[in-house]
Amino acid sequence: MTVETQAMEVARDLPVENDLKSLKPGLEDAQDAIKTLLCFLGEDPEREGLVDTPTRVVKAWMEYCEGYSVDPAAFLTTQFHEISNYDGPVTLQKINFVSHCEHHLAPIVGFVDVSYLPDGKVVGISKLSRVVRAFSRRLQTQERFTAEICKCIQVGLKPKGVAVRVTADHSCMSNRGVNDGSSSLVTTSLTGQYETDLILKNNFLTS
Ligand SMILES: [Zn+2]
């Protein structure tokens, strides 16, 4: 190995400045953090029931947050133009989801109603569910979640309008704090004709 290639080898091993990936904790660091939390709560992380908990928790969180490595817009690239002049709204109701709030890492459980007014093309209905799932598998606020789904469909499919309504229960509210388990949060995001056509808008909001 020449001095030059030796230098290149060394350079490759050095962390790149401002490279977040080089600062990202490893799997063991994440498991240690859960262990620390268990100790903080007064538990013995070495007892039988908890000894594998840090491993299980980190694995579960990787699943809860798998949406970070998914591009939701990619689900909308296959579009169908054969819609026989159908020009009414396409609505998919009650797409169930589980997400986690970014403020408490607590579950948000609910459903999404999605509607769009085609402009000569549609997507397979399962793709709408996939878009919802991809955004739900990230740390979220319900407001951003709603707006992200709406924008993704508007930009990806370019319909005449999109309407998204999210109805959800927040564990951080029902299971702590005010302990109110009876209320749901409803958020709505509208674009195009859903904003300007009051009949279309009301039909969606009352459906
Ligand atoms: Zn919260």
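Modeller: Let's start with contacts, meaning heavy atoms within 4.5 Å: of those in the chain with a separation of 6 or more, 67% are between residues 24 or more positions apart. Bear in mind that this is a predicted model, where local features need pLDDT of at least 70 and side-chain atom pairs count only at pLDDT 80 or more, while totals for chains, interfaces and linings use all residues. Numbering runs from 1 along each chain as its sequence is written, and side-chain values use heavy atoms, with hydrogens and water left out.

The chain has nine helices and five strands; these are DSSP runs, H or I over at least four residues for helices and E over at least two for strands, numbered from the N terminus. Of its 207 residues, 34% are buried, i.e. under 20% relative accessible area with a 1.4 Å probe, counting protein chains only.

Now for your helix: α6, residues 142–157. Its 16 residues reach 23 Å from first C-alpha to last, close to the 22 Å expected, which is 1.5 Å times one less than the number of residues. Which of them are buried? Q142, F145, T146, I149, C150, C152, I153 and L157. They sit on the same side of α6 because they cover an arc of only 160° around the axis, taken from the directions from the helix axis to the C-beta atoms. That goes with a general point: an α-helix has 3.6 residues a turn, so residues three or four places apart point the same way.

What covers that buried set? The cover includes α5 (125–136) and the strands β1 (90–101), β2 (107–117), β3 (139–140), β4 (161–170) and β5 (185–190). Just after α6, K158 takes a positive phi of about 50°.

Those five strands form an open sheet with mixed pairing, in the order β3-β1-β2-β4-β5; two strands pair if DSSP finds at least two bridges between them. β3 and β5 stand at the edges with a single partner each, so one side of each lacks a neighbour in the sheet. β4 and β5 run antiparallel, joined by six bridges, and V164 stands opposite S189 in β5.

The zinc ion is coordinated by C101 (SG), H104 (ND1) and C172 (SG) at 2.2 to 2.3 Å. C101 in strand β1 and C172 in helix α7 (residues 171–174) lie 71 residues apart, so the pair links distant parts of the chain. C101 is buried at 5% relative accessible area, and C172 is buried at 13%.

Methods
Buried means under 20% relative accessible area, exposed over 50%, partly exposed in between (1.4 Å probe, protein chains only). Donors are N, O and S atoms within 2.8 Å of the metal (3.2 Å for Na, K and Ca); water is not among the atoms, so sites may look incomplete.
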